[in-house]
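User: I'd like to learn how to read aromatic contacts and strand pairing in a model. Could you walk me through one?

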Amino acid sequence: MPALRMRVRVGVAVGALMAALTGTATAHGATATAAADPTDGWTRKSYTYSMHKPYNLDLSERYSYNSGTKTHTMWVNATDKPFEEGSSTNPRTEMRWKNDYTSGKHMWDADVYVPSGTNGADIMQILRTRRPSGTPATDIMFRASSANGGTLKRYTNEVIKTGIYDTWWNLKVAHDASAGTIKVYADNKLVLTTEDRGEATRYFKNGVYHHGSGRAEARFRNVRYWTQ
């Protein structure tokens with residue numbers, strides 16, 4: 001019997017060590033596995049982009065890139081001009097992705113930092129560049145406001161995340177254009193599933209498209225594009 005008890009203790013110790021190494025744990029004989037990453041089963045792809053900024057300013061006056069940290073920083077003032085002369089749109093400094101799509105699964109993925117004071121700026125959107133007449137210009141937009149230490153919402157509706165000011169966190173937006181669904185993840189947790197606005201040609205944008213007052217800024221690093 002002492003030898004049997006020794007084997008049991010050794011077996012438990014080995015099991016605990018394996019759980020620590022693999023990230024799994026057992027309870028009442030069941031094995032608990034870690035939650036799947038939202039990018040599991042997706043393929044990382046390259047992407048290209050152009051920049052939108054106030055038409056009368058040099059890009060360096062509203063955009064900077066740190067090659068060491070691979071951080072894109074974009075800012076705009078509420079009094080700035082639109083991106084092209086004669087436009088009635090709000091001021092913006094944005095990366096306009098050039099990977100346009102009409103079908104399939106596409107995911108935008110980046111770490112995001114919004115400085116305190118940014119209020120009323122859209123920091124990411126799926127824009128419907130070619131669409132049926134009378135349909136909305138976007139499938140989804142994410143607006144930063146000053147509530148609760150910085151809040152990001154889908155438009156001005158569902159809360160995606162609070163406490164976003166002055167900290168890095170991860171945002172993923174997965175669009176199944178064939179099925180017409182969009183899934184939104186904050187720090188790899190699914191926080192929203194919604195429908196898109198119907199058939200269109202789309203592209204991703206990120207930066208600051210400003211509806212508020214004062215200065216708006218957003219920073220992005222580890223920017224990635226996934227397809228499935």
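Predicted model: local features only at pLDDT ≥ 70, side-chain atom pairs only at ≥ 80, totals over all residues.

User: Good. How many aromatic pairs does the structure hold?

Analyst: The count is eight aromatic pairs. One of them is Tyr 47 with Trp 97, a stacked pair with 4.2 Å centre to centre and 10° between the planes.

User: Why does Tyr 47 count as partly exposed?

Analyst: Because its relative accessibility is 22%. Trp 97 has a value of 1%, so Trp 97 counts as buried.

User: And how do I read an edge-to-face pair?

Analyst: In general, a pair of aromatic rings is described by the distance of the centres and the angle of the planes. Here, Phe 204 and Tyr 225 are edge-to-face, at 6.3 Å centre to centre with 75° between the planes. Phe 204 lies in strand β16 (residues 201-210) and Tyr 225 in strand β17 (residues 215-227), so this pair ties together parts 21 residues apart in sequence.

User: Are Phe 204 and Tyr 225 buried or exposed?

Analyst: Both Phe 204 and Tyr 225 are buried. They also belong to one aromatic cluster, together with Tyr 47, Tyr 49, Trp 97 and Tyr 101.

User: Which ring does the charged end of Arg 221 sit over?

Analyst: That's Trp 168, with the charged end of Arg 221 at 4.0 Å from the ring centre. There's also Arg 96, which lies over the face of Tyr 203 at 3.4 Å from the ring centre.

User: Now strands. Why is β9 largely enclosed by the rest of the structure?

Analyst: Strand β9 covers residues 121-130, and eight of its 10 residues are buried, so the rest of the structure largely encloses it.

User: What does β9 pair with, and how many bridges join them?

Analyst: β9 runs antiparallel to β16, and eight bridges join the two. Another partner is strand β10 (residues 138-145), also antiparallel to β9, with six bridges. Ile 126 is a handy place to look: it stands opposite Phe 204 in β16, and opposite Ile 140 in β10. That brings us back to Phe 204, the ring paired with Tyr 225.

Notes: Residues numbered from 1 in each chain as written. Heavy atoms only, no water. Phe/Tyr/Trp six-rings, centres within 6.5 Å; stacked < 30°, edge-to-face > 60°. Buried < 20%, exposed > 50% of the residue type's maximum accessible area, 1.4 Å probe, protein only. Helix = DSSP H or I, 4+ residues; strand = E, 2+ residues; numbered from the N terminus. Lys NZ or Arg CZ within 6 Å of the ring centre and 35° of its normal. Pairing = 2+ DSSP bridges.
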